[in-house]
Amino acid sequence: MKTLKIQLAFSSFFFLLFSPFFAAVSSAQDFDFFYFVQQWPGSYCDTRKSCCYPTTGKPEADFGIHGLWPNYKSGAYPSNCDPDSPYQSSTINDLIESLQREWPTLSCPSSDGNQFWEHEWEKHGTCSESVLDQHAYFQATLDLKNKINLLQILNDAGIKPDGGYYSVSSIKDAISKATGFTPWIECNVDEGRNRQLYQVYMCVDTSATNLIECPVFPRGKCSDQIEFPPF
């Protein structure tokens, strides 16, 4: 009995001594890669649900950021990882102008974007805190947007937001040729139930810096030919 008590006491001491180490190891990497997602505003708005421009006015006719999302190679993803790390706009004051331009909200009712950014940080950004604090998360996402100019890439390939129809393979090929990596294309449908170019996913390493080949793609599919609507 005495020996058992000594063993239990030693086990408790060992746990208290080394548990911070194990916690640090387990949180060192809690995801495998990021999806960097850009959306076409013309397709967001050309639906039965429609859209509302932000209070700062109609965004430019350009792909806007949807988010930077930590993911697992299994296809699952973490979310809402740290309730003790709320979104704080004061942390990113120097980025607000860029966020309004590159990461605009189109949801209704109209807003200044803070609710959108709050959602993205608290659902997705908090799951990358082992790598990026709040300011670094938004800065890294803006840097990726500046690095990947989807509209220019597609225009250079003769794929323009003119209401025309283009093959998904030609869209993927244009982006792959320009970036060196394979994108995933997400479609939605307009009021006439026509499939249209909605979002483009690129995969990024855990530093949120370098493009990589996607370990896994999201589910879903498009028609062979999809519309690229104007905005």
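This is a predicted model: local features need pLDDT of at least 70, side-chain atom pairs count only at pLDDT 80 or more; totals for chains, interfaces and linings use all residues.

Colleague: How many bridges join β4 to β5, then?

Modeller: There are six bridges between β4 and β5, and the two strands run antiparallel. They form a hairpin with five residues between them. In the turn, R193 has a positive phi of about 70 degrees.

Colleague: Which residue of β5 is the bridge partner of C187?

Modeller: The bridge partner of C187 in β5 is L197. C187 also takes part in a disulfide, with C222 as the other cysteine.

Colleague: Please remind me what a disulfide is.

Modeller: A disulfide is a covalent bond between the sulfur atoms of two cysteines.

Colleague: What can you say about the link of C187 and C222?

Modeller: The link is right-handed, with 110 degrees about the S-S bond. C187 lies in strand β4 and C222 in the loop between β6 and β7, so the pair ties together parts that are 35 residues apart in sequence. C187 is buried, with a relative accessible area of 12%.

Colleague: How many disulfides does a search of the whole structure find?

Modeller: The search finds five disulfides. If the bonded cysteines are numbered in sequence order, the pairing reads 1-2, 3-5, 4-6, 7-10, 8-9.

Colleague: Which cysteine is joined to C81?

Modeller: C81 is joined to C127, with an S to S distance of 2.0 Å. This link is right-handed, with 95 degrees about the S-S bond.

Colleague: Is C127 buried or exposed?

Modeller: C127 counts as buried, at 2% relative accessibility.

Colleague: What kind of peptide bond joins C108 and P109?

Modeller: A cis peptide bond joins them, and omega is about -5 degrees. P109 lies in the loop between α3 and α4.

Colleague: Where is N80, and what is its phi?

Modeller: N80 is in the loop between β2 and α3. Its phi is positive, at about 45 degrees, although N80 is not a glycine. N80 is exposed, with a relative accessible area of 51%.

Colleague: Is A208 buried or exposed?

Modeller: A208 counts as buried, at 5% relative accessibility. A208 has a positive phi near 65 degrees, and this residue is found in the loop between β5 and β6.

Colleague: Let us turn to the helices. At what angle do the axes of α4 and α5 cross?

Modeller: They cross at roughly 110 degrees and come within 11 Å. Angles of 65 to 115 degrees count as roughly perpendicular, and α4 and α5 are therefore roughly perpendicular to each other.

Colleague: Which residues make the contact?

Modeller: From α4 they are W117, E120 and W121, and from α5 they are Q134, Y137 and F138. The residues of this contact divide into four nonpolar, one polar and one charged.

Colleague: Finally, how many helices and strands does the protein chain have?

Modeller: The chain has seven helices and seven strands. Along the sequence, they follow the pattern α-β-α-β-α-α-α-α-β-α-β-β-β-β.

Colleague: What share of the residues counts as buried?

Modeller: Of the 231 residues of the protein chain, 42% count as buried. Among contacts with a separation of 6 or more, 76% are between residues 24 or more positions apart.

Methods. Residues are numbered from 1 along each chain as its sequence is written. Side-chain values use heavy atoms; hydrogens and water are left out. Helices (H or I, at least four residues) and strands (E, at least two) are DSSP runs, numbered from the N terminus. Buried means under 20% relative accessible area, exposed over 50%, partly exposed in between (1.4 Å probe, protein chains only). A disulfide is a pair of cysteine sulfur atoms within 2.5 Å. Two strands pair if DSSP finds at least two bridges between them. Axes are lines fitted to C-alpha atoms, for helices over the stretch in contact, and angles run from 0 to 180 degrees between N-to-C directions. Angles under 35 degrees count as roughly parallel, over 145 as roughly antiparallel, 65 to 115 as roughly perpendicular and the rest as oblique. Contact means heavy atoms within 4.5 Å. Ala, Val, Leu, Ile, Met, Phe, Trp, Tyr, Cys and Pro count as nonpolar, Asp, Glu, Lys and Arg as charged, and the others, Gly among them, as polar.
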